[in-house]
Amino acid sequence: MISTTTRPAERPTDRKFRIAGLVITGLVVLFLLFDAAIHVLNVDQARQAMIDLGFDPNLNYVIGVVLLVCLALYLVPVTSILGAVLLTGYLGGAVATNMFNEMPLFSTILFPVYVGVFVWAGLYLRDPVVRSVMPLRRA
C-alpha cells in the first residue's frame, strides 16, 4: 500500500517533474476552462457547433457543467486521479462524436486524444504516487 501521508524529502528531479507537471496541467486546464465557459455561456459558435454535430444546442450548459466538475476533481490532489479518469471519458465522447461525423483524423478526431495525453502527462509529472503506480521502464 502506498502511503500519501508521509512523503520523503523531494529530490531535485522530483521538484523539476512537479513544476513541469504543474505547467502542463495549467495549460490543459486553461484550454478546458475556455471550452467549458463557451458551453456554459451558450456562445453562438458553440450552439452552432452542437447543431452541426447533431446535438440539441440546449445541452450546451449541461456539457459545460460536466466538464467543470471533471476539472474541479482533476485539480484537487485527493481526487485528481478520478478527475483524470473522468476527463478521459469526456474526451472519449468527443472522439466518438468526431468519428460519427466523419471529421478529419489527425486534426479533429484525434485532438481530444492529444488533450487526454496532456491531462495524464500533467498528473504523472506532478504526482509521485501516480509515477509509482505507473512507472515508465526501460526496455
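## Phe 31

In this predicted model, Phe 31 has a relative accessibility of 39% and therefore counts as partly exposed, since that class lies between the cut-offs of 20% for buried and 50% for exposed. Phe 31 is located in helix 1, which covers residues 12-40.

## The nonpolar surface patch

Phe 31 is one of the residues in a nonpolar patch on the surface.

Two or more residues of the patch come from each of helix 5 (105-109) and helix 6 (111-126). Helix 6 gives the largest share, with 5 residues.

## The salt bridge

The whole structure contains 1 salt bridge. Side chains of opposite charge can pair when their charged atoms come close. Here the partners are Arg 131 and Asp 14, whose closest N and O atoms are 3.5 Å apart.

## Annotated transmembrane regions

An unreviewed UniProt entry lists "transmembrane region" at residues 20-41, 61-91 and 103-125. In the model, residues 20-41 are 95% helix and 0% strand, and the C-alpha atoms at the ends of this span are 31 Å apart.

Residues 61-91 are 87% helix and 0% strand. The end C-alpha atoms of residues 61-91 are separated by 17 Å.

Terms used
Residues numbered from 1 in each chain as written. Predicted model: local features only at pLDDT ≥ 70, side-chain atom pairs only at ≥ 80, totals over all residues. Heavy atoms only, no water. Patch = residues over 30% accessible without salt bridge, like charges linked within 9 Å, V, L, I, M, F, W, Y side chains within 5 Å. Areas by Shrake-Rupley, 256 points an atom, 1.4 Å probe, with all protein chains shown as cover. Salt bridge = Lys/Arg side-chain N within 4 Å of Asp/Glu carboxyl O. Helix = DSSP H or I, 4+ residues; strand = E, 2+ residues; numbered from the N terminus. Buried < 20%, exposed > 50% of the residue type's maximum accessible area, 1.4 Å probe, protein only. UniProt positions renumbered as here; feature names shortened; annotations may be inferred.
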